[in-house]
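Hi everyone, thanks for coming. I'd like to walk you through one model today, so let me put it up on the screen.

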Amino acid sequence: MSQPLVLLTGATGYVGGRLLAELQRRGQRLRCLARRPGDLASRAIPSTEVVQGDLLDSASLNAALAGVHTAFYLVHSMGSGGDYARLDRDAAASFGTAAAAAGVRRIIYLGGLADPSTILSPHLRSRLETGEHLRGSGTPVVEFRASIVIGAGSLSFEIIRALVERLPVMICPRWVSTVAQPIGIDDLLAYLLAALDLPDDGRSRVFEIGGATIASYGDLMREYARQRGLWRAMIPVPLLTPRLSSLWLGLVTPVYARVGRELIGGVRNRSVVRDFSALETFPIRPLPLGECIARAIAQHRRDGAESSWSDARSSARPVRARQETAYGARLVDAREIHVDAAPPAAFAPIRRIGGARGWYFANGLWRIRGWMDLLVGGPGLRRGRRDPEHLRVGDALDFWRVDAFEPERRLRLTAEMRLPGRAWLEFDVAPEGSGSRIRQTATFDPAGPLGPLYWYALLPFHALIFGGMLRRIARLGSRNAHPA
């Protein structure tokens, strides 16, 4: 208890998830703020306190910041749609005010690297404004401004990997040649952790951080292709607009078009370190680009990403609050099947569902549904899954999100595809005689007049897809128990 208490926000995101693991490995006295604490249940160790709260709810912030010495601010609202810059400003101001009232000694903030004197994209301008609003509270802020982050699971790396792996010939817009200074995730985490040990002199500091190599997105793709032994042709096309570029990214990479448009807007700005005070202040010497990509590839091959950009709820289009309609009870499609296997074997194919393995039945129809979701602004099937064998609450699973997970017993998925309502898909496994019984439940909560029409129009496909999927899961479970 003598150790200072650290508050971590954004622990369900990519950088926050990696930082959470590092802080826990260091034995740091830690508290995490999350809108859905259950998303951190499988990642937080018993000594880590997880509290429910919202950055725009001053009461929850006051409770979360009580007794905190240092707070990490690793959140943004870009995935929320609409006027996300205003949400970012309001959240930063609210957090800063609450931190000052609680006597927090320091806020550590991760922003974006750009030259403030140039015309910035809305995304980069929002990242700089967030730092200004945090400093405006009077609490000292250590702000790191970082360029592209390279690591297994980072959005930048996953975009590069998807483009190079899938496209032998790439049409490259003008932004592909914009110069940046990519930084490896390990070096970024080292800076964030080192900020905990800065002398407490009551000053705010801004540090520009980048890797040892200045490179363009094109250079990143060429280096990735070289290390993978892939031949790739890159054809420059100067007339491809940011909107068309975002649609192009939406077709072949994990990011959907609206977020892609914001990212490309930022990529058009140079993000190169001009102030080298970070190198003078911290004993960190960032790795060159080739080594960062090599580490990311090695981790992706070895055990997948420790955290992923898709862990954040903002990786899907947000579900806006809806007024409940008068259509009555939720609509349910429930099916059961007996499996000649104990629960662990019966549950194994359920645990491995989705991603590259697919959905066990009518995968072509699942892909069509994914393409339809992309066309209306949803995530589609491109996010895949973080790990081919293991799941945890909060994981993205194609266009679903893991809402509940009990090993060998239960998996509940919440739909994040575009729907006229809310939907869940749940699997429950229970012992039955010498085997098990699997119950599969698809639940739909309709909203508006289109909700019921949507459900009943798809009933014939439900009978085909869900019935076939359940039978296939049963066969795989039985095969696990009786390989012969």
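This is a predicted model: local features need pLDDT of at least 70, side-chain atom pairs count only at pLDDT 80 or more; totals for chains, interfaces and linings use all residues.

Residues are numbered from 1 along each chain as its sequence is written, and side-chain values use heavy atoms, with hydrogens and water left out.

When I say helix or strand, I mean a DSSP run, numbered from the N terminus: H or I with at least four residues for helices, E with at least two for strands.

Let's go to the sheet. Six strands make up an open sheet, ordered β14-β19-β18-β17-β16-β15, with antiparallel pairing. Strands count as paired if DSSP finds at least two bridges between them. At the edges stand β14 and β15, each with a single partner strand, so one side of each has no neighbour in the sheet.

Now the β15 end. Strand β15, residues 396–397, pairs with β16 in the antiparallel sense over two bridges. Here A396 stands opposite R401, and L397 is opposite W400. The hairpin has two residues between its strands, and D398 takes a positive phi near 55 degrees there.

On to the β16 and β17 pair. These strands run antiparallel and are joined by six bridges, with A404 standing opposite R412 in β17. They form a hairpin too, with three residues between them.

How enclosed is β16 by the rest of the structure? Largely, because five of its seven residues are buried. Buried means under 20% relative accessible area, exposed means over 50%, and partly exposed is in between, using a 1.4 Å probe and protein chains only.

Next, what packs on this sheet? Helix α12 does, touching β14, β16, β17, β18 and β19, and its direction makes about 160 degrees with that of β18. Contact here means heavy atoms within 4.5 Å. Axes are lines fitted to C-alpha atoms, for helices over the stretch in contact, and angles between N-to-C directions run from 0 to 180 degrees.

α12 covers residues 343–351, and eight of its nine residues are buried. Among the buried ones are F347, I350 and R351. The cover over them includes the strands β14, β16, β17, β18 and β19, and also helix α14 (450–481).

Now for the backbone. Most residues other than glycine have a negative phi. Y360, in the loop between α12 and α13, has a positive phi near 75 degrees. E408, in the loop between β16 and β17, also has a positive phi, about 65 degrees. Which of them is buried, and which partly exposed? Y360 is buried at 13% relative accessible area, whereas E408 is partly exposed at 44%.

Last stop, a helix pair. Helix α1 (residues 14–25) and helix α6 (residues 185–194) pack at about 65 degrees, their axes 10 Å apart. From α1, the contact includes Y14, L19 and L23, and from α6, it includes I185, L189 and L193. The contact residues divide into nine nonpolar, no polar and three charged. Nonpolar here covers Ala, Val, Leu, Ile, Met, Phe, Trp, Tyr, Cys and Pro; charged covers Asp, Glu, Lys and Arg; the others, Gly among them, count as polar.

That's my tour, and I'm happy to take questions.
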